[in-house]
Every structure is written in C-alpha cells, then in structure tokens.
Amino acid sequence: MIVSTLAGLGHPLRCLLKIAGLARSTYYYLLSHPEPVTRPDIEPMVAEVFHRTPNGCGHRQVRMCLVYEFGVRVSHKSVLRVMRRMGLKCAIRRPNPYRRYSSYQGDTGAKPPNLLERDFAADRPWAKLGTDVTEFRAAGGKAYLAPIYDMGSKEIVAWDVSRHPDLAQQQRLLAMLEEKLRRRRSHTPQRHGMAIPARLVAEQARGTGHPPVHEPQGCFASMFVRQVRQCFSVVWADGFPRCRHRFPVM
C-alpha cells in the first residue's frame with residue numbers, strides 16, 4: 001500500500017490517512033488481511049501463450065492452451081485475473097451479443113456540398129426544399145414516408161409512401177415533384193428566376209447521377225432537418241399509424 005510505504009519513510013500516519021480518506025481501523029485491517037495473489041505459478045505459462053501471436057489472445061484461449069498443452073487445471077476467471085495483474089490485454093474484441101448492430105463504417109464516398117449552411121429560412125416558395133424518410137410501424141409490417149418540404153411556404157409539395165425505402169420510392173417522389181414543377185412552371189411567369197427547370201428534376205428521376213439543383217433560384221437539400229419538419233411531422237406521425245388519413249402505399 002502507498003500509505004504504508006510513506007509511513008515507513010517517516011511521514012505521520014494521521015496525516016496520510018486523512019489525505020487518503022481512509023479510517024485507521026480499515027488501514028490496519030487491510031494490513032492484517034492482504035489480498036491473496038491468484039495463481040502466481042501460471043504467470044510464466046500465461047506470458048508464453050499470450051506472446052505467441054502479435055496481437056495476443058484472450059483469456060479463454062490462454063486457458064485452453066494451459067489445460068490441453070501444459071496440463072494445468074485452472075478456470076478462465078483465474079486466468080483473467082492473472083492477465084489483468086500482468087497487464088496483458090488482447091486487442092481483438094469478440095462480438096457482443098448484447099451490442100446492437102451498427103453498419104457505420106466511417107467517412108466513405110464523396111460528401112455533397114453543404115449548400116444551406118444551416119440557414120433554413122426562405123423568402124419565397126420553391127427556394128429551399130428538404131426531404132427525409134421516416135419509418136412507421138403499421139399493421140402488417142412497416143411503412144416508409146418520404147415527404148418533400150418547402151421551407152418557404154411551409155408546405156408538403158410531394159410525398160410518397162412505400163413498404164420499402166428503396167430507389168423506386170425516390171424515383172416516384174421525384175416524378176411527383178417534377179409534375180408539380182411542370183404545373184407550376186406553366187402557371188408562373190418566367191421572371192426573377194422563380195421557376196426551376198423541370199428537366200433537372202427529370203434527370204434526377206432517371207438516375208443519371210447528376211447532383212441536386214444548384215441554380216441560384218433554388219436549392220434541393222439532400223438532408224431534411226428535424227427542426228424544420230416539426231411543424232407538420234406531429235400531425236402526420238399521429239394520424240399515419242392510426243389510419244386517420246388515407247395514404248396509398250406503393
């Protein structure tokens with residue numbers, strides 16, 4: 001113990017116990033009942049088995065080698081205590097059945113440019129659009145709602161409900177948006193750059209791989225911010241699972 005070592009160097013025990021927050025009775029009890037060392041006889045064999053591989057091995061594999069190669073009767077808990085005392089730790093982590101699956105693999109692929117810069121205010125309709133896919137648990141399975149939200153007019157300009165969040169749903173969503181843009185373009189005067197060319201959305205729907213609209217008059221956001229959709233998500237989320245609204249599911 002550190003307290004006993006410092007006390008042997010001439011420091012007053014009363015001050016050391018006060019600094020350590022330890023009672024005098026507890027200190028003398030620990031001195032009279034030292035912690036037993038678990039299986040010090042297997043330490044050389046544990047070290048030999050552990051250093052066979054560059055990354056080491058776990059306590060279960062070490063225990064297996066001790067039992068079947070050296071003929072030592074020992075439990076895996078004792079081997080784990082010995083390895084912790086020796087500072088041996090395996091760098092390979094076994095899959096934990098209680099840990100949920102995560103498909104995150106870090107930063108992969110190219111990132112789209114951040115066109116909004118967290119500025120979700122729009123002074124006119126069809127200037128900034130946002131989209132997201134929300135999962136609902138419904139009777140008979142799951143349903144996926146994909147709306148497109150206009151940050152200027154605070155309206156849902158297009159939406160699609162599907163049983164699978166696949167590319168076909170996004171194509172139907174963009175086709176509906178293209179129809180709305182074509183209808184609006186035929187009824188809106190072509191001035192001040194208010195209308196977005198529908199061919200750009202058509203190219204997106206055909207899967208040509210073109211990036212979202214980067215025209216000065218509009219910006220199609222690939223992300224949908226939860227703070228912005230709070231104004232309509234409460235009504236949809238409450239009515240969707242209870243079939244209060246009639247949504248055709250593709």
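How far is the sulfur of cysteine 90 from the closest cysteine sulfur, and in which residue does that sulfur sit? The distance is 6.6 Å, and the partner sulfur belongs to cysteine 57. That is too far for a bond.

This is a predicted model: local features need pLDDT of at least 70, side-chain atom pairs count only at pLDDT 80 or more, and totals for chains, interfaces and linings use all residues. Residues are numbered from 1 along each chain as its sequence is written, and side-chain values use heavy atoms, with hydrogens and water left out.

**The chain overall**

- The chain has nine helices and five strands. Helices (H or I, at least four residues) and strands (E, at least two) are DSSP runs, numbered from the N terminus.
- Along the sequence, the pattern reads α-α-α-α-α-α-β-β-β-β-α-α-β-α.
- Of the 250 residues in the chain, 30% are buried. Buried means under 20% relative accessible area, exposed means over 50%, and partly exposed lies in between (1.4 Å probe, protein chains only).
- Take the contacts between residues at least 6 apart in sequence: 51% of them join residues at least 24 apart. A contact means heavy atoms within 4.5 Å.
- The accessible surface of the chain is about 17,600 Å². Carbon and sulfur atoms hold 54% of that surface. Accessible areas come from the Shrake-Rupley method with a 1.4 Å probe; for residues, only the protein chains shown count as cover.

**Cysteines**

- The structure holds zero disulfides. A disulfide is a pair of cysteine sulfur atoms within 2.5 Å.
- Cysteine 65 is in no disulfide. Its nearest cysteine sulfur, that of cysteine 57, is 6.3 Å away.
- Cysteine 65 is buried, at a relative accessible area of 11%.
- Cysteine 90 is partly exposed, at a relative accessible area of 23%.

- Helix H4 spans residues 43-50, and Met45, Val46, Val49 and Phe50 are buried in it.
- Seen down the axis of H4, these buried residues fall within an arc of 130°, so they line one face of the helix. The arc is that of the directions from the helix axis to the C-beta atoms.
- The cover over the buried residues of H4 includes helix H5 (59-68) and helix H6 (76-86).
- In H6, the buried residues are Ser78, Val79, Val82 and Met83. Their arc around the axis is only 135°, which puts them on the same side of H6.
- Lys77 and Arg84 are exposed on the other side of H6.
- H4 and H5 are what the buried residues of H6 pack against.
- Glycine 87 follows H6, and its phi is positive, near 75°.

**Leucine 16**

- Leucine 16 lies in helix H2, residues 13-20. Leucine 16 is buried, with a relative accessible area of 13%.
- Neighbours within four places in sequence aside, leucine 16 is in contact with Val3, Leu6, Ala7 and His11.
- Leucine 6 is ten residues from leucine 16 in sequence. In space, the two are 7.9 Å apart, C-alpha to C-alpha.

**The aromatic pair**

- The structure holds one aromatic pair. Tyrosine 27 and tyrosine 28 form this pair, which is edge-to-face: 5.2 Å centre to centre, with 70° between the planes.
- Rings of Phe, Tyr and Trp (its six-membered ring) pair if their centres lie within 6.5 Å; planes under 30 degrees apart count as stacked, over 60 as edge-to-face and the rest as tilted.
- Tyrosine 27 counts as buried, at 5% relative accessibility. Tyrosine 28 counts as partly exposed, at 43%.

**Polar contacts in the strands**

- Lysine 128 is in strand S1, residues 128-131. Lysine 128 is buried, with a relative accessible area of 15%.
- A polar atom of the lysine 128 side chain lies 2.6 Å from the backbone oxygen of aspartate 119. The backbone oxygen of alanine 121 lies 3.1 Å from a polar atom of that side chain.
- Serine 162 lies in strand S4, residues 155-162. Serine 162 is buried, with a relative accessible area of 4%.
- The side chains of serine 162 and arginine 172 make a polar contact at 3.5 Å. A polar contact is a pair of N or O atoms within 3.5 Å; within protein, one must be able to donate a hydrogen and the other to accept it, and residues adjacent in sequence count only if both atoms are side-chain atoms.
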